[in-house]
Amino acid sequence: MASTPELKVGQKLNEGKTKQIFELLDQPGLVLVQSKDQITAGNAVRKDQMEGKAAIANKTTSCVFQLLQESGIKTAFVKQHSDTAFIASRCEMIPIEWVCRRVATGSFLKRNPGVKEGYRFSPLKMEMFFKDDANNDPQWSEEQLLEAKFCLAGLTIGQCEVDIMNRSTVAIFEILEKAWATQNCTLVDMKIEFGVNVKTQEIVLADVIDNDSWRLWPAGDRSQQKDKQVYRDLKEVTPEAMQMVKKNFEWVSERVKLLLEPQASSRVVVLMGSTSDMAHCEKIRKACTSYGIPCILRVTSAHKGPDETLRIKAEYEGDGIPTVFVAVAGRSNGLGPVMSGNTAYPVINCPPLTPDWGSQDVWSSLRMPSGLGCSTILSPEASAQFAAQIFGLSDHLVWCRLRASMLNTWVSLKLADKKLQACSL
């Protein structure tokens, strides 16, 4: 591949069935992933050229990785470079395909006779396959992966790393499943790969995720499948058949852009009794921002100006935007109860308690008159998280950020435990 004006492209580092990887001479630690117009099936037993596939695949994978990164998933993807290529962090790839299944179909049925197509896995079914074309990518157990003792970019793949990849695969699948559900599409199954970032030694989602990577059934109907299975199922490869396959791939690449769009607007309105509570409220706003939720701060006192408090409430009820109110009031909390008794929107008490009177003041938030349903959460970050969980019921992007946050918290604990064990030996 010739160098482009924007990048100094060096030697080819690797080439697969559908892509090539080149070093970037002026950007150490990064590579260029160039897609090809080739489509294959059965470990390239069937192989054809499909004009325009490189651009379609690159567009699809760039959108998918953007969604995952904006959610908070660590990936090798950096940015889309051209119609047919993207820039990624250089990784040493772990030679395992992680397959996650929601619905039983394909090779799973052949390996598990007696299971009917359409059987739904809850929880998800996880499988691993060792990347070995000569042996048709055999299925591996976790024990085989551990005994292989792969060492990549200085990182030995042990139990901790296997657990992280396992847990990450589930989270990635659930995020994409939630996103595709907004387009009335069932994500049936999916395969992904991980690599070790050569600079950071972190395990990250790598390779590509495009229409070769999954099965997608619109409305849950296999007869409407839009993925590469259509190509696999061809009895004869004709120009007309390839055009049909290409149209399916184009359909996916157009729909995948919609996964980046929010399904509903939302906001958090924080009502504070005094500007002395500003630092507490700023923590709520910062946490809301991490979930992609706009947060507005207002000052009002339900004790000293109840008419103004209710006027502010009406202001945010009047435009139809889904809203969660957070009442921040110390001492005697009148904001939460007054708001809860006069709005159908959710209200969260988040009082800034002081060391001297906090144990007494909190009861004004906990003991509500009958007919009031406001909750009380003392942590400002947790109150923002609870608001995000409410909005996540209708906005998949908020839900995806919550799901990724759960994963990242789990991974940080896992890595902390590994580090502690290493220090103890």
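Where does Glu193 sit? In this predicted model, Glu193 belongs to strand E14, which covers residues 185-197. With a relative accessibility of 9%, Glu193 is buried, because anything under 20% counts that way. Its side chain still finds a polar partner: a contact of 3.2 Å links it to the side chain of Lys131. Setting aside residues within four places in sequence, the list of contacts for Glu193 also takes in Met93, Ile96 and Glu97, along with Val204, Leu205, Ala206 and Asp207.

Ser213 makes a second stop on the tour. This residue lies in a loop, the one running between strand E15 (203-206) and strand E16 (214-218). Despite the loop setting, Ser213 is buried, at 7% relative accessible area. Beyond its neighbours within four places in sequence, Ser213 touches Asp189, Met190, Lys191 and Val208.

Five strands form an open sheet in the order E18-E17-E19-E20-E21, and the pairing is parallel. Strands E18 (295-299) and E21 (375-376) are at the edges; each has a single partner strand, so one side of each has no neighbour in the sheet. Helix H8, residues 306-317, packs on this sheet and touches E17 (267-272), E18 and E19, with its direction at about 160 degrees to that of E18.

Inside the sheet, strand E19 (residues 323-328) and strand E20 (residues 347-349) run parallel and are joined by three bridges. Phe325 faces Val347 of E20 across this pairing. Another helix, H12 (residues 380-392), lies across E17, E19, E20 and E21, and runs at about 165 degrees to E19.

Technical notes:
Residues are numbered from 1 along each chain as its sequence is written. This is a predicted model: local features need pLDDT of at least 70, side-chain atom pairs count only at pLDDT 80 or more; totals for chains, interfaces and linings use all residues. Side-chain values use heavy atoms; hydrogens and water are left out. Helices (H or I, at least four residues) and strands (E, at least two) are DSSP runs, numbered from the N terminus. Buried means under 20% relative accessible area, exposed over 50%, partly exposed in between (1.4 Å probe, protein chains only). Contact means heavy atoms within 4.5 Å. Two strands pair if DSSP finds at least two bridges between them. Axes are lines fitted to C-alpha atoms, for helices over the stretch in contact, and angles run from 0 to 180 degrees between N-to-C directions. A polar contact is a pair of N or O atoms within 3.5 Å; within protein, one must be able to donate a hydrogen and the other to accept it, and residues adjacent in sequence count only if both atoms are side-chain atoms.
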